[in-house]
Every structure is written in structure tokens, then in C-alpha cells.
Amino acid sequence: MASEHRNTMEQGVSRRFFLGLVMSAGAGFAIGCESTAPTLPPKVATNEKPQEAKVEAPKAPFVPDAWIRVAPDSTVTVVIDKAEMGQGVETALAMLAAEELHVALSSVKTEWAPADPAYKNKLFGMQATGGSTTIRGDMVPMRKAGAAARMMLVAAAAEKLGVSADELSTETGHVLHAKTNQRIPYGDLVELAAKQKVPQDPPLAARNQHELIGTRPQRIDARAKGAGKAQFGIDVKVPDMKTAVVVRSPVPGGKVAKFDAEKALAVRNVRKVFQISSGIAVVADNFWAAKKGAEALTVTWDPGAGAAVSTDKLLEDAKNLVKKPGLVAQQKGDFDAAWKKAKKKLEVTYEQPFQAHAPMEPLNAAAHVRADGCDIWAGHQAAGIVQMVAAKVTGLEPKAIKVHTTYLGGGFGRRFEMDFVLEAIEASKQFGGPVKVVWTREDDIRHDYYRPATYSAVKAALGADGMPLAVRYQVVGASVMARVFPQNFKDGIDKSSVEGLGEEYALPNLKIEYHRQEGVPVGFWRSVGHSTNAFVQESLLDELATMAKMDPVEYRRKLLADSPRMKRVLEVVANKSGWGTALEKGRGRGVAVHHSFGSYIAQVAEVTVAGGKVKVDRVICAVDCGEFVHPGIVEAQMESGIIFGLTAVLKSSIRIEEGKVKQANFHNFKLIGMDEAPAIEVYVVPSGEAPGGTGEPGTPPIAPAVANAVFAATGKRIRRLPITADDLK
């Protein structure tokens with residue numbers, strides 16, 4: 001999602017950070033970050049699948065600011081304020097707290113945070129998950145919370161024993177007094193601990209003292225997911241809950257002109273059919289009845305202006321747009337003057353289509369709207385926005401709205417959107433009882449907020465030494481920010497649309513222009529603008545290296561003289577991949593690097609091209625993500641980012657004709673299969689720098705690495721994705 005905000009990290013936690021302390025006779029004590037109103041820690045849904053989710057009557061309002069809770073039985077609970085969509089935040093955040101609290105990770109329980117401003121993502125300004133911000137934003141605050149809790153427990157033990165705190169130490173959930181050989185469980189100290197002064201800036205353990213950070217414990221969610229006990233949104237069951245399938249306009253933005261519900265209502269177990277803001281909701285006792293009812297429904301649509309939109313027309317318009325100057329997003333040196341003087345020039349274009357997210361778990365959400373409150377169950381990326389949407393639709397105060405977060409069966413930015421949540425709230429409100437809205441795969445593919453299609457026109461000139469003298473990027477694409485975060489769409493420029501271009505490399509004359517193009521709903525897709533711009537930039541670098549008759553790795557190495565972290569990961573993949581060694585005919589090796597979300601990534605792809613197909617045999621990836629928590633999770637994030645990106649390189653695209661999406665399901669929106677997955681080697685480069693993100697940076701380099709490998713194998717330049725047999729002729 002949004003680009004990193006280093007300044008936020010650099011402001012220093014001590015100024016912003018303070019701790020809140022709460023006390024309850026039966027609940028132990030809790031401690032949190034940046035609390036503004038000490039309260040009881042929230043009783044929120046755990047991450048274990050309940051036998052049956054129950055609708056609870058609204059409770060007195062909480063201002064949940066607690067992150068760590070220690071119960072009288074010594075149980076430690078860590079509240080997880082981010083969505084766990086497979087990226088490992090549940091484990092990583094618990095590790096950070098456990099490290100400083102000196103408890104075993106196996107003794108830590110986790111709970112999802114409720115919707116509350118206290119859990120606002122400091123890098124976003126709202127309670128949301130995305131942009132690879134979790135560890136970047138939470139590493140220090142969560143450790144500080146653990147450290148402060150431990151200091152208060154030690155102070156409590158000192159008071160209890162009548163000794164100085166300096167005589168005490170802590171170990172695996174106990175305070176130790178070596179002189180008397182006493183060992184007091186944390187649980188025995190909670191009442192006294194809650195009365196201690198809250199440390200304002202507790203010191204953190206030095207890196208060489210870490211016992212958990214940097215290790216590979218089993219993921220907290222592994223056992224429940226392996227046993228089928230983890231609760232995803234699709235698992236939620238509420239007493240008397242019905243299921244709804246929504247029939248939407250085949251053209252985005254289309255409206256209902258009229259509908260006839262008679263045949264739908266005739267389907268057995270269909271209970272009600274009514275219009276909501278996105279279409280017609282068919283409510284039934286179960287999914288299959290609702291789906292059959294939806295299929296029987298007769299609707300006449302007014303498609304609106306969207307019916308004139310098509311992929312071909314958008315591409316034609318883009319080609320015309322780049323004939324004129326765009327809005328200048330970035331400028332360095334004097335591109336125009338350098339371009340006129342240069343003798344070696346290259347003018348190329350790159351095309352990338354719309355992409356759907358296609359999370360494996362179908363979109364779904366359940367809601368129960370009542371006069372006095374509203375409960376919502378969903379796997380989402382933004383509890384705060386869920387609450388806001390529910391408040392707007394129901395007219396209820398936010399405090400009357402309870403958000404029950406579940407595991408997410410894939411997010412990739414799609415579950416940052418609120419359309420599926422809104423439908424559940426509207427359906428429940430009109431139906432008058434709990435309703436779960438379930439999307440079919442066809443709904444998901446045809447009604448997504450797609451990664452913007454881009455058309456990039458590039459001019460580049462080389463100096464006498466063969467190195468880039470002048471580069472101009474013109475990017476044509478829709479703006480995600482204009483809709484989602486309009487405050488970040490300034491002067492007609494969406495910086496996320498041009499992010500990643502011109503970074504790291506020494507380019508004396510650089511110009512980046514942007515042309516906005518609308519007509520199709522677009523949203524955040526894993527790594528956002530980096531995913532398309534890395535393909536353009538790293539493909540171009542390969543082309544320039546070829547023009548200069550230089551090795552692609554050596555060419556990049558020279559241009560990265562002022563970017564030592566990028567240069568280092570490049571050298572790691574070159575070394576590990578055997579760069580420069582010969583491959584058999586029909587095989588090729590390609591390299592790409594990219595910096596995004598605070599992390600530096602280099603990848604080398606090895607491919608085989610035969611029979612009009614590209615097979616990616618092997619990917620070598622090096623990542624410098626600064627200080628990391630769990631190297632195994634970092635590796636998994638790189639692997640998943642590579643596989644996710646390969647789908648866009650080799651398989652999928654969204655095509656629009658007369659405003660309608662042509663693809664519908666996995667038969668014509670194909671993903672990389674297990675049998676097609678390459679062998680992937682990930683090397684996590686140690687770094688003492690501030691933590692970078694890992695959820696998204698693994699995706700951008702894979703497209704240019706594969707495209708450059710295809711060139712090495714065939715001599716064919718790939719300037720359009722996904723790669724087709726025609727591109728290889």
C-alpha cells in the first residue's frame with residue numbers, strides 16, 4: 001500500500017510512547033502503548049474457532065488500550081492489532097512482547113484487537129493492516145510494552161519480598177531472587193504490579209541478549225490451521241443466521257432499473273429478496289438456496305457510462321496520451337537537454353493489464369444489526385473502517401458496533417475494501433436478523449477493485465561510457481489514491497502510480513510524468529505501484545545494458561554505487577545463482593532489483609523456454625529488510641510474493657469488453673499451480689538498519705527477472721505481460 005514514512009519511525013518512540021495501566025481483581029493487569037484512558041483490557045474474540053459464534057448484547061463502552069495482559073494464573077495474552085492473512089504478524093508481534101517480558105512464546109495467548117482508535121496504525125493514521133507496516137510500526141512499541149510490564153512485575157516482587165529491585169531478575173514468567181532462591185510466578189504479582197509506577201521509556205534488551213527475536217519458533221497459527229480449528233470469516237456461524245448472495249450489475253457502476261423477485265422467491269428456502277446499494281440481495285437458509293435464488297432472479301440493469309469502457313479503448317487512449325507531456329511527478333537534472341545531445345537512444349513502451357486479487361477464501365462477512373447495536377464478523381484488513389462503515393449505515397454510535405475479526409484466507413489488499421462488509425450490514429439491517437453475505441468466485445473476479453492497468457512510455461539515452469545519461473518515464477494508469485486516500489492525490493498526481501521509479505540508481509537526468517486514466521474500479525494490489533513500475537525499470541535497465549554491451553549485473557552494480565544495501569543484495573544473488581556460468585540452450589538467467597516498503601530485494605530467475613511456454617525453474621532471492629523478527633516468516637513472505645507475482649507474469653489478466661469483465665473463475669483467470677512453482681532460495685541478509693516490510697517487497701522484482709531471463713534464453717524482449725506464446729515467436 002502506501003509508501004513508507006520513515007520520518008514516523010525516526011521520531012522516536014519515547015516522545016509518543018506512554019503506558020497505561022489497568023487493574024481488575026479478577027483479570028490481572030494489562031499494559032499498553034499510547035493509552036489515553038486506562039481501561040480494562042478488551043474481551044475480544046480469540047483466534048480459535050468457536051463451536052458457535054454468539055451474538056452478545058452490547059456492553060459498556062471500552063477504550064481498549066491494552067496490548068499485554070497478565071492473568072492471576074500467569075497466563076500472558078497479547079492483543080494483535082493487525083489482520084493475520086498468512087503473513088505471520090500474530091507470531092511476530094507475540095514474539096516481540098514475549099522477548100521483553102521474558103516469557104516463553106508457547107505460554108502466550110493472542111486475541112484480536114477490537115475496533116478502537118487506540119489501535120490506530122501509526123503509519124496509516126487509521127486502524128488498518130497493509131503497506132507492509134506491521135513490524136515497521138509495531139516493533140519498538142510492542143517491545144516497550146513488554147519491557148514496561150516486566151519492570152512493573154519486578155517492582156512488585158521487590159515490594160513483596162522487601163528487597164531492592166536490583167537483586168531480582170526474570171526468567172520464563174517468573175521473578176527470581178538469587179539470594180533467597182525464591183522464584184515467584186508473574187501471576188502471583190499482578191495485583192501489586194498494577195499499583196506500580198508505569199515506566200515512561202523502559203530500556204530494551206540489546207541485540208546480543210535476544211532469545212526470541214531472530215529465531216524460528218513454530219508459528220502460533222500453525223497448529224490451529226493445520227487442525228482445521230482456525231476461524232476464518234467463512235466459518236462464522238451465528239444462531240438464526242441466514243445467507244445472502246448479491247446480484248450485482250455486470251458493468252461496474254450500473255444501477256438496478258427494475259427486478260422481478262417472483263422466481264427467486266419460489267426457490268425452496270429463499271426467505272427474502274430486496275435491493276441494497278450494490279444490487280439485489282437474495283436471502284436464504286443456506287448458500288446454495290441463495291445462489292439458486294440469485295440465478296432465478298430477473299433484473300434489468302442500467303449500465304451507465306461504464307458500458308463504453310473496454311481494454312482496447314483504454315490502451316488506444318493511453319497511446320495517445322503519451323504523445324503529450326504528462327504531469328511531472330519527479331524531475332532531476334535536465335532530461336530534455338540531455339536527450340537532444342545524446343547519440344545512443346532507446347524509446348520503448350511496456351504494457352501491463354488489470355489484475356484481480358483472487359484470494360483463496362471467497363469474500364464474505366456476517367452482520368447482525370439491531371436497534372441497540374451491531375455485530376460484524378469478517379476477515380478484513382481494517383477494523384476501524386469496518387466500524388466507520390457500520391456506524392454510517394446503521395446510524396449507531398461506534399461504541400455500539402462490535403467488530404469480530406477472523407483469520408483471512410488471503411488479502412493482498414482486496415480485504416482493505418469494504419464492499420463485502422457493507423453488503424452484510426445492509427442485508428442484515430433490511431432482513432431484520434443476522435445475515436452472512438458470501439461471494440462466489442465469479443463475483444470476486446468480476447467485481448474486484450483491480451490493480452490498475454498501466455501503459456509506460458520510456459525514453460532513455462546513453463552517454464559515451466554506455467551508462468544512462470537521461471531517462472524519462474511516462475506512466476498512464478488509474479489512480480488508487482484518488483478514491484481511497486484523496487489527501488494523497490495532489491495536483492493531479494498519484495505518487496503510488498509512479499513509486500519505485502528512478503530510485504537507487506545514479507541517473508543524472510531523470511523525468512517522471514503521470515497521466516491519469518479512469519473508467520475501471522481499481523484498488524491496492526500487493527505492492528501497488530511498485531509491482532508495475534519494477535517491471536518497467538528493471539526491464540529497461542536490461543535493455544540499456546544490452547545497448548552498452550555490458551553484463552546486466554555489472555551494469556547495475558555500477559549504477560548502485562550510492563546504494564550499498566541494494567548493491568549488497570545484488571551481489572548475494574549473483575553469487576548464489578552462479579551468475580555468469582553457462583546454461584544449456586533454451587535456458588536463461590535474468591536479474592532484477594527493487595526497493596520498496598523499506599526493504600531491498602534482488603532476484604535472479606532461471607527459465608526454460610520451449611514450445612511457446614516459459615517455465616520458471618529456479619528463483620534466487622536476497623532480501624535486506626533491516627532488523628527482522630522471525631527469519632522463517634521473512635523467507636515465507638519472499639516465497640509467497642514471488643509466487644503471487646508469477647501469476648501476473650505468466651498467467652492472468654483481466655480483460656474488459658463493453659464494461660464487463662470477461663474472466664469469471666480459475667478456468668480463465670489462472671493462478672500458478674503447485675506443479676509450476678519454481679525452486680526458490682531466499683537469503684536474508686543481516687542488517688542493523690530499521691525494520692523494513694516483507695509482505696509486499698518480494699513481488700515487484702519477479703516480473704522483470706523472468707522477462708530478462710526470457711531475453712537471455714531467446715533474444716526476445718518482453719514488454720507486455722502476461723507473457724504469451726506470441727511474445728516468444
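D375 and R370 are both buried, where buried means under 20% relative accessible area, exposed over 50%, and partly exposed in between (1.4 Å probe, protein chains only). The two residues form a salt bridge in which the closest N and O atoms are 3.0 Å apart; a salt bridge is defined as a side-chain nitrogen of Lys or Arg within 4 Å of a carboxyl oxygen of Asp or Glu. The structure is a predicted model, in which local features need pLDDT of at least 70 and side-chain atom pairs count only at pLDDT 80 or more, while totals for chains, interfaces and linings use all residues. Residues are numbered from 1 along each chain as its sequence is written, and side-chain values use heavy atoms, with hydrogens and water left out.

R370 also meets the side chain of D372 in a salt bridge, at 3.4 Å from N to O. The relative accessible area of R370 is 19%, whereas D372 is partly exposed at 47%. A further salt bridge joins E657 and R655, with 3.0 Å between the closest N and O atoms. Here E657 is partly exposed, with a relative accessible area of 32%, and R655 is partly exposed, with 29%. A network of salt bridges links E584, R587, R589, E606, K615, D617, R618 and E681. The count of salt bridges comes to 48.

The protein chain contains 20 helices and 30 strands, assigned as DSSP runs (helices H or I, at least four residues; strands E, at least two) and numbered from the N terminus. Its radius of gyration is 27 Å, which agrees with the value near 27 Å for a compact globule of 729 residues; the radius is taken over C-alpha atoms, and the globule rule is 2.2 Å times the number of residues to the power 0.38. The C-alpha trace spans about 80 × 75 × 45 Å along its principal axes. Of the 729 residues, 61% count as buried. Among contacts (heavy atoms within 4.5 Å) with a separation of 6 or more, 77% are between residues 24 or more positions apart.

In soluble globular proteins, nonpolar side chains tend to be buried together. A nonpolar core is taken as a set of buried Ala, Val, Leu, Ile, Met, Phe, Trp, Tyr and Cys residues joined through side-chain atoms within 4.5 Å. The largest such core has 77 residues, of which L540, Y555, V706 and I723 touch the most other members. Helix α20 (residues 702-714) gives the largest share of this core, 8 residues. Apart from this core lies another of 60 residues, including F274, I276, L314 and A383. Beyond its neighbours within four places in sequence, V706 contacts A605, V607, V614, V616, L646, V649, L650 and I723.

Helix α16 (residues 529-547) has 19 residues and reaches 27 Å from its first C-alpha to its last, close to the expected 27 Å; the expected span is 1.5 Å times one less than the number of residues. Of the 19 residues of α16, 17 are buried. K549, which follows α16, has a positive phi near 55°.

V273 lies in strand β11 (residues 270-276) and counts as buried at 14% relative accessibility. Residues up to four places away in sequence aside, V273 touches F259, A261, A264, L265, I280, A281, V282 and L297. The C-alpha atoms of V273 and P701, 428 residues apart along the chain, are separated by 47 Å.
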